[in-house]
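Me: I have a structure open and would like to go through its packing. Could we take it residue by residue where that helps?
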Amino acid sequence: MRIHCKLLALVVCFGVFLLLYFLGGNAADDPPLKEVVLEQEEEQQEVRNSLPAPPEPGHDAAAKSGRKSSGGVPQELPRGRKEKTFDRPARSKQQGRPAAKRRVQEVMHLAVVACGSRLDETLTMIKSALLFSFKKIRFHIFAEDPLTSQFAEKLNQWPRTVSAKFQYTIYPITFSVGDAEEWKKLFKPCAAQRLFLPVILKDVDSLLYVDTDVLFLGPMDDIWNFLRSFNSSQLAAMAPEHEVPKIGWYSRFARHPFYGVTGVNSGVMLMNLTRIRSTLFKNNMISSRLSWEDLLHPLYQKYKNHITWGDQDLLNIIFHDNPECLFIFPCQWNYRSDHCMYGSNCKGAEEQGVSILHGSRGVYHDDKQPAFKVVYDAIRDFPFEHNMFQSLFYPIQTKFLDTVNTLCGRIPQVFLKQIEKTMRKAFEDRVVHHIGPHK
């Protein structure tokens, strides 16, 4: 009996020993509770720092101090919060993790020149860029004095959620060489200002210039990406003036040199300003090369009696002599009524949709091309923060039914494809990717 009791006691002691051994081993593998809590807090902090910070009230301090620009004395009127860089907290070497690098959000630059009665048209263009783009945009607005306060008043009325996506600066109309009044009357009021952007915006590396009658139907981000496609000699990008030489203007009527077979249209022009400022250009006036600023006035003096489209003709002459400097992007990035009123002749728009709509010849404001007017009116009247499908896409789609018997209205998918694609991508980025698909 005693032997059995001793055996039972030994078995019990051995079992207790094994239990303590396994419990002790598992505990040694787990970090202390304090370390677990600290690690969770660090991970949560990383997530918080990866999200955009909420908008901050107030204007840019530089604006209040009336900072001067190289192009004169612009009125600095940025909206929304200042540009900031958000950093993840650096981890110490003792934690065995390297400090995270500073993350800088890329800002796109867009320039426009507005004179006369172009206020509403310009605001609608800016609105379209903000509705469809993803990165932040810095607008450089060149305007006559009467329009300066009107731009500020209108832009300051836009909702806070919209103003957080952009900043802007308003500049006076200035020309660094030649007679200012002569430049202003070269073509449309003040249009020649675009020629002087590399001289005025000395602190800007690259920008997209657009006419006031341009509408974005897709993200500006996409055309901005063409900057990465430039080779080592290219410093600007434009679309052809026409796709068909036999009905193109330059190929039939021009009395001066022009780029390529049909010339180029300057209503949408992507520019690497740094390269333009540092390049010496070939020309047909003297044997030596000239800088951009030194080239403009003598070129104008030589051809002023032979040019019809003003600054656009001068750009065609420059790139005729320097074709290696120009990158050509497809017609869907500068889609005009010329691409549909003589029959559809922009294959890129048929396949991918129009990314940038150019309402040249005043087609937004008359009944000659109602398809263009439908799009302009819908974007102009769209209330910010409304549902884009219900209050923008659906009205355009519905009103296109009244244009199907017109030359440009026969192909509504050309106008709608990019809008639909952009809305789908925005939904996926902001809802599906953040919340996750429904299971």
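Me: Which residues is Phe-216 in contact with, leaving aside its neighbours within four places in sequence?
Reply: In this predicted model, Phe-216 is in contact with Leu-110, Met-125, Ser-128, Ala-129, Phe-132, Leu-208, Val-210, Ser-355, Ile-356 and Ile-379.

Me: And which residues have the most contacts inside the largest nonpolar core?
Reply: They are Phe-139, Ile-141, Phe-216, Tyr-335, Leu-357 and Phe-415, in a core of 74 residues. Helix 4 (residues 119-132) supplies the largest share of this core, with 8 residues.

Me: Let us turn to helix 12. Which of its residues are buried?
Reply: Trp-292, Leu-295, Leu-296, Leu-299, Tyr-300 and Tyr-303 are buried in helix 12. They lie on the same side of the helix, because they cover an arc of only 120° around the axis.

Me: Why would that spacing put them on one side?
Reply: An α-helix has 3.6 residues a turn, so residues three or four places apart point the same way.

Me: What covers them?
Reply: The cover over the buried residues of helix 12 includes helix 7 (180-184), helix 8 (197-200), helix 11 (273-278) and helix 13 (311-321).

Me: What span should helix 12 have?
Reply: Its 12 residues (292-303), at 1.5 Å a residue, should span 16 Å. The end C-alpha atoms are 17 Å apart, which agrees.

Me: Changing topic: how many aromatic pairs does the structure hold?
Reply: There are 24 aromatic pairs in the structure. One of them, formed by Phe-230 and Phe-327, is tilted, with 5.5 Å centre to centre and 35° between the planes. Phe-230 is in the loop between helix 9 (220-224) and strand 7 (236-240), and Phe-327 is in strand 9 (residues 326-328), so the pair ties together parts that are 97 residues apart in sequence.

Me: Is Phe-230 buried or exposed? And Phe-327?
Reply: Phe-230 is buried, at 9% relative accessible area. Phe-327 also counts as buried, at 14% relative accessibility.

Me: Which residues form an aromatic cluster?
Reply: Phe-139, Trp-158, Phe-166, Tyr-168 and Phe-384 form one.

Me: Finally, where does pLDDT stay under 50?
Reply: That applies to residues 16-99, for which the model has 100 contacts beyond four places in sequence. The protein averages a pLDDT of 81, and 74% of the residues score at least 70.

Terms used:
Residues are numbered from 1 along each chain as its sequence is written. This is a predicted model: local features need pLDDT of at least 70, side-chain atom pairs count only at pLDDT 80 or more; totals for chains, interfaces and linings use all residues. Side-chain values use heavy atoms; hydrogens and water are left out. pLDDT is the predictor's confidence in each residue, from 0 to 100. Contact means heavy atoms within 4.5 Å. Helices (H or I, at least four residues) and strands (E, at least two) are DSSP runs, numbered from the N terminus. The expected span of a helix is 1.5 Å times one less than its number of residues. Buried means under 20% relative accessible area, exposed over 50%, partly exposed in between (1.4 Å probe, protein chains only). The arc is that of the directions from the helix axis to the C-beta atoms. A nonpolar core is a set of buried Ala, Val, Leu, Ile, Met, Phe, Trp, Tyr and Cys residues joined through side-chain atoms within 4.5 Å. Rings of Phe, Tyr and Trp (its six-membered ring) pair if their centres lie within 6.5 Å; planes under 30 degrees apart count as stacked, over 60 as edge-to-face and the rest as tilted.
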